[in-house]
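Here is a friendly note to read alongside the model. Please keep the structure open and look for each place as you reach it.

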Amino acid sequence: MTWYLAYVQGGKTTKAEGGGEKIRKEFYVQQELDDMGVTNYLPRHIEFKRVGKKRYAEPFENPLLPNYIFVETPAERFLEVLGVKYLPGPLMALSRADVAALGTFRAEVNEQYAKARRAAENREAIAEYIRGQKLEVMDSRFAGSVLRFRRMVQRAHDMYPKVEASIEMMGREVIAELDPLDVRAAE
């Protein structure tokens, strides 16, 4: 099988199958390829944009490389792939070095996407903790530590609210701000 870089033809959006809401053409092509059982990769990223008079930025998912998608297909299915709407062809075959670089690129993009997705999910996280309640840290530099919940904090520049908690260190109280997904109520 060979990996190809495919150009997705003009315009930003199209109507989804069945006349639903508009979606980006890259997402439409990816869905069509998935339905055909063809391996593909559409690098994505999440942008946070403030829309209208909303107080906080909203997450928007977009292609990282607008108008391009990577496709892996055997030679016998090549013409079938070219038949997908919005893939005008020709497809550019990737060399072995390009395929290796694509693997590294995918890992980096997926890591950044996961971080952005987590930030988007954290925006909706609301602490159900009571002031003074013990919290256990599951991840970060304080993993395994027990802290005392103080309050939730969200500054204008923060993408999501953070848990403010205190911990006893070196004979004094230290205040720490943590990701809400990194803590849970201690038992």
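The points below go from confidence to the sheet, then to a helix and a few single residues.

1. **What you are looking at.** This is a predicted model, in which local features need pLDDT of at least 70 and side-chain atom pairs count only at pLDDT 80 or more, while totals for chains, interfaces and linings use all residues. Residues are numbered from 1 along each chain as its sequence is written, and side-chain values use heavy atoms, with hydrogens and water left out.

2. **Confidence.** The score to know is pLDDT, the predictor's confidence in each residue, from 0 to 100. The protein chain averages 86, and 91% of the residues score at least 70. Confidence is highest in strand β4, at 96, and lowest in strand β2 (residues 13–15), at a mean of 74. Where pLDDT is low, the predicted coordinates should not be read in detail.

3. **The sheet.** Helices (H or I, at least four residues) and strands (E, at least two) are DSSP runs, numbered from the N terminus. Two strands pair if DSSP finds at least two bridges between them. Here 4 strands form an open sheet in the order β4-β7-β1-β8, with antiparallel pairing. Its edge strands are β4 and β8 (92–93), each of which pairs on one side only.

4. **Strand β7 and its partners.** Which strand pairs with β7 over 6 bridges? That is β1 (residues 2–7), in the antiparallel sense. Along this pairing, Tyr 4 has Val 71 as its bridge partner, and Tyr 7 has Tyr 68. In β7 (residues 68–73), 5 of the 6 residues are buried, where buried means under 20% relative accessible area, exposed over 50%, and partly exposed in between (1.4 Å probe, protein chains only).

5. **Helix α1.** This helix (residues 25–36) has 12 residues and reaches 17 Å from its first C-alpha to its last, close to the 16 Å expected at 1.5 Å a residue. The expected span is 1.5 Å times one less than the number of residues. Its buried residues include Phe 27, Val 29 and Leu 33. After α1 comes Gly 37, with a positive phi near 85°. The helix lies across β4 and β7, running at about 10° to β7. Such angles run from 0 to 180 degrees between N-to-C directions, and axes are lines fitted to C-alpha atoms, for helices over the stretch in contact.

6. **An aromatic pair.** Rings of Phe, Tyr and Trp (its six-membered ring) pair if their centres lie within 6.5 Å; planes under 30 degrees apart count as stacked, over 60 as edge-to-face and the rest as tilted. The count comes to 5 aromatic pairs. One of them joins Tyr 28 and Tyr 86 edge-to-face, 5.5 Å centre to centre and with 75° between the planes. Tyr 28 lies in α1 and Tyr 86 in the loop between α2 (78–82) and β8, so the pair ties together parts that are 58 residues apart in sequence. Both Tyr 28 and Tyr 86 are buried.

7. **Leu 102.** Look for this residue in helix α3 (residues 96–123). Is Leu 102 buried or exposed? Leu 102 counts as buried because its relative accessibility is 5%. Leaving aside neighbours within four places in sequence, Leu 102 is in contact (heavy atoms within 4.5 Å) with Trp 3, Tyr 41, Phe 70 and Leu 94. Leu 102 and Tyr 41 are 61 residues apart in sequence and 9.7 Å apart in space, C-alpha to C-alpha.
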